[in-house]
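Q: I have not looked at this one before. Can you walk me through it?

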Amino acid sequence: MVKRRVHVAAAAIVSRDRQEVLIARRPSTVDQGGLWEFPGGKLAPYETGFEALRRELHEELGVEIQRAQPLIRVHHEYPDKHILLDVWQVHEFAGEPFGREGQAVRWVPMEELVNYPFPAANLPILRAVMLPTEYLISAEEDDDADFLAKLERALREDGIRLVQLRAKTLAHEAYVARAEQALALCREHAARLLLNGEPSLLDEVDADGIHLTSERLMSLERRPIAEGKWLSASTHDRAQLEQAARIGCDFVTLSPLRTTPTHPDADPLGWHDFQQLVETAGMPVFALGGMTRYDADHARAVGAQGIASIRDFWK
Ligand SMILES: Nc1nc2c([nH]c(=O)n2[C@H]2C[C@H](O)[C@@H](COP(=O)(O)OP(=O)(O)OP(=O)(O)O)O2)c(=O)[nH]1
Ligand SMILES: [Mg+2]
């Protein structure tokens with residue numbers, strides 16, 4: 001049997017303060033009935049994703065979308081069909097959303113999203129909704145005070161909400177001490193902190209998760225940390241992306257997009273190859289390698305969650 005291919009446009013409508021997201025419940029009589037969803041529906045013939053999004057949100061919620069940006073594309077095999085969920089983050093709309101088809105509609109705080117039952121295809125979307133567009137990777141710094149001053153500036157002035165503590169030159173004790181300080185600072189700014197190192201680091205520092213080097217990623221057989229923590233990894237090719245999906249990473253960086261002074265010999269992916277790899281990654285992907293925040297919109301347009309950078313945020 002040849003499976004049907006279904007292309008669906010769906011909306012992540014996030015409140016202005018980024019604290020809440022709008023979800024709806026599918027009627028019990030339809031496919032995936034009774035589960036919660038991001039409002040939307042199938043593309044009509046000749047429609048683009050964005051056109052379908054506008055029409056569906058008018059039909060289902062009575063709102064007019066004014067500004068939206070691609071968030072993530074998820075390919076998923078259901079037993080009876082291959083589905084492409086083309087998810088948009090809605091930044092501006094007019095009207096007060098309500099369930100025009102009688103369905104329940106609810107604004108839900110981000111951290112409570114995981115308590116709602118969604119269709120199987122939706123896990124990557126939940127992750128994408130909860131993650132920001134920018135991922136700061138810290139630079140090597142000898143001095144803890146310099147390190148903290150630069151981190152504090154990025155949190156305060158650049159609005160960074162996701163941080164990876166990368167400090168290869170520090171010995172274990174020094175790393176743990178710096179991580180404790182970084183964590184306290186991140187907490188003050190409602191930012192998440194991931195530790196670049198052994199998964200067992202989380203036993204010593206109660207950070208938000210672990211970032212795996214590609215080498216560590218490839219050596220693992222299963223997810224090394226609890227579901228309640230975030231797991232990210234460095235990837236450079238399809239094999240590593242597939243491994244990240246296999247062990248249940250929540251998101252990844254994919255690099256190098258461009259050549260950089262720190263990695264002058266690496267072969268850059270460029271946007272074309274990057275887009276091809278992201279399309280089937282099945283999780284949020286941050287573009288890394290010569291990226292600045294001015295690349296974030298373009299990264300989004302080719303399917304990325306956003307950009308990861310050391311230099312652009314470390315001043
Ligand atoms: N809208 C939406 N659909 C989802 C999500 N997750 C998920 O697996 N799906 C699946 C369920 C359906 O098989 C398909 C969406 O179809 P739909 O029933 O919303 O389509 P539609 O609004 O055009 O409705 P219809 O006229 O075809 O009944 O995608 C999600 O988060 N939002
Ligand atoms: Mg629908």
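A: What follows covers the ligand shell and then the record's sites.

A: This is a predicted model, in which local features need pLDDT of at least 70, side-chain atom pairs count only at pLDDT 80 or more, and totals for chains, interfaces and linings use all residues. Residues are numbered from 1 along each chain as its sequence is written, while chains are lettered from A and ligands numbered from 1 in the order in which they are written.

Q: Which residues come nearest to ligand 1?

A: Glu37, Gly40, Gly41, Lys42 and Pro119, out of 17 residues around ligand 1. A residue counts as near if its C-beta atom, placed from the backbone, lies within 6 Å of the molecule.

Q: Which elements give two or more residues to that shell?

A: β1 (4–14), β4 (40–42) and β6 (81–94). Strands are DSSP runs of E with at least two residues, and helices are runs of H or I with at least four, numbered from the N terminus.

Q: OK, new topic. What does UniProt list as "binding site"?

A: The unreviewed entry lists Gly40 and Glu60. Such annotations may be inferred rather than shown by experiment. The two are spread over 21 residues of sequence, yet the largest C-alpha distance is 7.5 Å.

Q: Is Gly40 buried or exposed?

A: Gly40 is buried, because 25 other C-beta atoms lie within 10 Å; the cut-off is 20 or more for buried, 12 or fewer for exposed, and partly exposed in between. Gly40 is in strand β4.

Q: And where is Glu60?

A: Glu60 is in helix α1 (residues 49–61). Glu60 also counts as buried, with 21 C-beta neighbours inside 10 Å.
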